[in-house]
Amino acid sequence: MPDGGRHENLRERRIAACRAASRSLARLGFLGTLRERLALLDAAGDVHDLDERSDIYGDGVVEALEEKVATLLGTEAAAFFPTGTMAQQVALRCWAGRTGSPTVALHGLSHPEVHERNAFSQVSGLRPVTVTAEPRLPTAAEIRDFDEPFGALMLELPLREAGFVLPSWEELTEVVEAARERDAVVHFDGARLWESTVHFGRSLEEIAGLADSVYVSLYKSLDGLGGAVLAGPRGLVGEAKAWRHRYGGQVFQAFPDALSALIGLDRELPRLPEYVAHARVVAEALRDGFAAAGVPWARVHPEVPHTHDFQVWLPYDADVAAEAAVRTVEETGTALFANSWNPRGPGLACTEVYVRAPGLEWTAEDVRTAVAAFVRRLIPGA
């Protein structure tokens, strides 16, 4: 079977096994059935008046969601977008008009650079320049000493591709100050900003207050059906809504996304600190489990997770690790590694571990036991 077919088959096995698993660290809503996703809206009456007229082109419940997010982030206004890709392009395009510069400084591992097919340059007339490609956020010195002018600095918080990492609060404030010294605006790609409060020891309002504009996702941690919100000054948001229309984002009706986001803000947002705290328990138990199982080298990154998501690295071919992970779920009913394994070098594999509400039921011993079961399938004779 060609590699593409084999990988697709493995992916389907993994999803099916994880759905059937009796235990999992996280059960991501978007992998559910249509019936299960629709059931999410059963709680909609708890967060919004369902007897009011439905939304049309962004009014009603969509406006209520925008006001809710603006309040949480402490900004003057907010705008709903169908995708974060569109929200950030629009935000940075608007800032380019205000600063007179189409150049956006960002990280080489940031979402637009890795996952958006050069959308900034191909669609929005922006010119991205890479400040650093190191697996960490840019430093203040790198911003100050960067050898090209730029109108906006975009910071992804947390930086997913580097391991969902965050700088310290002091480092973040210094980076923002360095950008201000260069007369640049600061935009936060805060797709996962919601869960960053524990690491920073600051409220959402304090964190968002450092930036000129912020984008947040409505489904990555809130488990909504989709959508994003751009928050910032009232003038910028007003212009962004005009560009939202031009980009095709003026959705006729968005009430499913809006209602599910309000449910997520009500149910999931208050629990995120609990997930982050338990992710640290899981990470430590994973390290202990691999050491006890005799794996020659294994790494949990960051050692102390900054959010409720983190990476695990193993010195094995990615396909070998992926097959062992799927077999473990199929044969034990326990989903320790529910995500794909990706090659990060010769004989080196990496996966992402997510900890959500189901993971709170796992003790450290449960994790160590699950690691041992996985290693027995990873290393013959272990």
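Two rings of Phe, Tyr or Trp (its six-membered ring) are paired here when their centres lie within 6.5 Å. With that cut-off, what you have above is a predicted model in which ring pairs join F290, F337, W341 and F374 into a cluster.

**The aromatic cluster and its surroundings**

Let's start with F290, which sits in helix α13. Is F290 buried or exposed? Its relative accessibility comes to 3%, so F290 counts as buried. F337 is buried as well. Leaving out residues up to four places away in sequence, F290 touches V295, A298, V312, L314, F337, V371, F374 and V375. Two names on that contact list, F337 and F374, turn up in the ring cluster too.

**Ring pairs**

A pair of aromatic rings is described by the distance of the centres and the angle of the planes. The count for this model is 10 aromatic pairs. One of them is Y57 with F252: the centres are 5.2 Å apart and the planes stand at 70°, so this pair is edge-to-face. Where do Y57 and F252 sit in the chain? Y57 is in the loop between α2 (34-39) and α3 (61-73), while F252 is in the loop between α11 (234-246) and α12 (255-267), so the pair links distant parts of the chain, 195 residues apart. Y57 is partly exposed, at a relative accessible area of 46%, and F252 is partly exposed too, with a relative accessible area of 46%.

Then there is F290 with F337. Here the ring centres are 6.3 Å apart and the planes make 15°, so the pair is stacked. F290 belongs to helix α13 (residues 272-293) and F337 to the loop between β11 (334-335) and β12 (341-345), so the pair ties together parts that lie 47 residues apart in sequence.

Two packed helices are described by the angle between their axes and the distance between the axes. Here are two helix pairs from this model.

| Helix pair | Angle | Axis distance |
|---|---|---|
| α14 (residues 318-332) and α15 (residues 364-378) | about 125° | 8 Å |
| α4 (residues 84-99) and α11 | roughly 120° | within 9 Å |

On the α14 side the contact is made by V320, A321, A324, A325, R327, T328, E331 and T332, and on the α15 side by A373, F374, R377 and L378. Sorted by class, this contact of α14 with α15 has seven nonpolar, two polar and three charged residues.

The residues in the contact of α4 with α11 divide into eight nonpolar, one polar and four charged.

Most residues other than glycine have a negative phi, and most peptide bonds are trans. A few spots in this model go the other way.

Take the prolines. The peptide bond from L157 to P158 is cis, with omega near -5°, and P158 is found in the loop between β5 (152-156) and α8 (169-181). The bond from H301 to P302 is also cis, omega being near -10°, with P302 in the loop between β9 (299-301) and β10 (309-314).

As for phi, F164 has a positive value, near 60°. F164 sits in the loop between β5 and α8, the loop that also holds P158. Its relative accessible area is 0%, so F164 is buried. R117 has a positive phi too, near 50°, and is found in the loop between α5 (111-115) and α6 (119-123). Is R117 buried or exposed? With 79% relative accessibility, R117 counts as exposed.

Methods. Residues numbered from 1 in each chain as written. Predicted model: local features only at pLDDT ≥ 70, side-chain atom pairs only at ≥ 80, totals over all residues. Heavy atoms only, no water. Axes fitted to C-alpha atoms, helices over the stretch in contact; angles between N-to-C directions. Helix = DSSP H or I, 4+ residues; strand = E, 2+ residues; numbered from the N terminus. Contact = heavy atoms within 4.5 Å. Nonpolar A, V, L, I, M, F, W, Y, C, P; charged D, E, K, R; others polar. Buried < 20%, exposed > 50% of the residue type's maximum accessible area, 1.4 Å probe, protein only. Phe/Tyr/Trp six-rings, centres within 6.5 Å; stacked < 30°, edge-to-face > 60°.
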